[in-house]
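Please keep the sequence and the 3D view open as you read.

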Amino acid sequence: MGKHPTSVDSQVLDRIRQHGPGWVFVPGDFADLGSRVAVAVALTRHKKNQTIRQLTRGLYDHPKHDPQLGLLSPTTDMIVDALKRHAAIKVQPTGAYAANLLGLSTQVPMKLVFLTDGPNRLVQMGNQTIQLKRTTPRQMATADRISGIVIQALRYLGSSQINDTVLAQLRQRLTDDDKQQLRRDLNYVPTWMTPAIHKITQPQAA
């Protein structure tokens with residue numbers, strides 16, 4: 001026998017509150033609590049009560065509130081994590097955002113592009129856009145690993161901007177484990193980038 005709709009409603013709300021303000025979620029995050037219809041009814045009710053906010057199709061959040069700024073936008077990480085759960089996909093940050101994650105750029109672009117092994121999707125969040133762009137298995141081989149972010153950041157900078165300062169920043173920022181992972185993933189590095197990876201991962205003189 002399925003769960004009573006009221007029970008589903010309260011359990012959905014309990015789970016949202018457990019995660020706290022700022023959590024971004026999809027209906028599938030409540031699939032164990034009841035039928036799709038019951039979950040959809042619960043989310044609609046909580047949305048009408050303004051407990052939750054619908055960000056876009058199939059994507060919601062439990063918004064944070066600032067006394068001066070009002071309702072805050074959810075973080076990129078929270079949005080991307082929800083998209084990953086929704087479609088059971090991997091994603092890989094690219095471009096200026098990948099460089100920003102490594103401290104190589106202060107620029108946070110208004111359009112964030114993530115490579116994915118799932119379907120293409122465009123999510124508009126106020127002035128910011130998150131694009132999921134389907135790519136090849138080879139491009140996704142280093143997804144969810146620090147090496148993938150490094151490769152994409154260096155690809156964004158290009159050979160002309162990968163100088164001693166950039167290499168020194170990466171050597172300092174990356175842990176020994178990160179560097180070992182980079183060495184293991186050399187097969188996925190473009191030929192022109194290989195010398196830079198060697199310089200980043202080479203043992204430092206005492």
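Is Thr94 buried or exposed? At 12% relative accessibility, Thr94 counts as buried, where buried means under 20% relative accessible area, exposed over 50%, and partly exposed in between (1.4 Å probe, protein chains only).

Before going further, note that this is a predicted model in which local features need pLDDT of at least 70 and side-chain atom pairs count only at pLDDT 80 or more, while totals for chains, interfaces and linings use all residues. Residues are numbered from 1 along each chain as its sequence is written, and side-chain values use heavy atoms, with hydrogens and water left out.

Confidence comes as pLDDT, the predictor's score for each residue from 0 to 100. The chain averages 93, and 96% of the residues score at least 70. Strand S1 (residues 24-25) has the highest confidence at 98, and strand S5 (residues 70-71) the lowest, at a mean of 88. Helices (H or I, at least four residues) and strands (E, at least two) are DSSP runs, numbered from the N terminus.

**Around Thr94**

Thr94 is in the loop between S6 and H4. Its side chain reaches the backbone oxygen of Val113 at 2.7 Å. Leaving aside neighbours within four places in sequence, Thr94 is in contact (heavy atoms within 4.5 Å) with Val113, Phe114, Leu115 and Gln152.

**The cores**

A nonpolar core is a set of buried Ala, Val, Leu, Ile, Met, Phe, Trp, Tyr and Cys residues joined through side-chain atoms within 4.5 Å. The largest one here has 21 residues, and those with the most contacts inside it include Leu102, Val150 and Leu154. Helices H4 (95-101), H6 (146-157), H7 (164-173) and H9 (194-201) each supply at least two of its residues, and H6 gives the most, with six. Not counting residues up to four places away in sequence, Leu154 touches Ile162, Val166, Leu170, Trp192, Met193, Ile197 and Ile200. There is also a second, separate core of 17 residues, with Ile79, Val80, Ala82 and Phe114 among them.

Most residues other than glycine have a negative phi. Gln50 has a positive value, and Ala88 has one too.

How values were computed: Polar contact = N/O pair within 3.5 Å; in protein donor to acceptor, adjacent residues only side chain to side chain.
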